[in-house]
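User: I would like to learn how to read pockets in a protein model. Please take me through the case shown here.

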Amino acid sequence: MIINTNLTDLKPNAWLGQIDEICDDLGFFEQLGTRHFAAFLGIGRKLLVTFENAQDVRAHNPDAEPRGFAYARHDGWSHLALLSEGESWFRDPAIYAFFDRLTDDGFFDDFERIVFHGTGSGGYAAAAFSVAAPGATVIALQPQATLDAQVTGWDKRFKAQRRINFRGRYGYAPDMIDAAEKVFVAYDPMQRLDAVHAMLFQNPNVSLLPCPFLGKALDQAFDRLSIHDVLLKLAMEGSLDQRRFAELLRARRYDPAYAQNLVTHLVKSGHHGLAKIICDYMLRRGHSTFFDKLRAELSEAA
């Protein structure tokens, strides 16, 4: 499938205009309220549904494309991207009405496999809106269950978004995933608040995927490790499970950011010998700046 894009270094309106033009040829593009957009590429019988912050897409995604464009181009998947301008947790009546309409029109019935995917607020939305497509697979990276202060008042982050109404439709994400076939919730247990949110997803169809020392941006970490693409493809094949994910996660041993987080933790917890071993390993792999300095400090302190 030929999907030509030139989305890098564009201003937000020009970027949206290019996506509108691409999707008009192959699917549809709709503005949903004032801050959200739906972009659909109708290619094949497998559908990837993503929830992404448009600013993050422009800043971090390859070629500044919504994540599913590459799968439409190379794998023949259809792709529905829900895009937000700013962090909204996709809490907008226009989005509720959009998914109601898709359900009423039997939109999701046309696909043999469906995967919902998102990170953070997008992970929350992927779980919450998966109820519209029973039998789908959900991959939610460090999702929030809700920002309703009466339920998660212990989470003091996202103060500006606490005014958002999470008590309406599609509100509490763990209640919305009962009809999903499989739900994978990835989180870093060292990020305490992310871990507590993950623990709220206790449904029988949920597999928790702990990713210690990978930090606050799991989507970028998975991209760095080159496992994000494999993760989505395994999910689309129906063959993703905790064992396969654990095998993928072994790639973190080569990641300097992971090693830096790990040795910092080891030093703080007094395991200096293990920290030295990891520093030596990373130095042999050519990662010098942080590990060389820390190794010297540990040797002086010995």
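User: What volume does the second largest pocket have?

Analyst: Rolling a probe the size of a water molecule over the atoms shows where empty space is left. On a 1 Å grid over the protein atoms alone, a pocket is an open set of points where a 1.4 Å probe fits, with protein on both sides within 12 Å along at least five of seven lines. Grid points are joined across faces, edges and corners, and a volume is the space filled by probe spheres set on the points. In this predicted model, the volume of the second largest pocket is about 280 Å³.

User: Which residues lie nearest the centre of the second largest pocket?

Analyst: Lining residues have an atom within 4 Å of a point. There are 15 here, with P62, R67, A70, Y71 and D223 nearest the centre. Helices (H or I, at least four residues) and strands (E, at least two) are DSSP runs, numbered from the N terminus. α3 (69-75), α8 and α9 (228-237) each give two or more residues to this lining, and α3 has the largest share, four residues.

User: What is the volume of the largest pocket, and what lines it?

Analyst: Its volume is about 610 Å³. Of its 31 lining residues, D56, T119, G120, Q142 and D219 are closest to the centre. β3 gives the most, four residues.

User: What should I know about the numbering and the model?

Analyst: Residues are numbered from 1 along each chain as its sequence is written. Local features need pLDDT of at least 70, side-chain atom pairs count only at pLDDT 80 or more, and totals for chains, interfaces and linings use all residues, while side-chain values use heavy atoms, with hydrogens and water left out.
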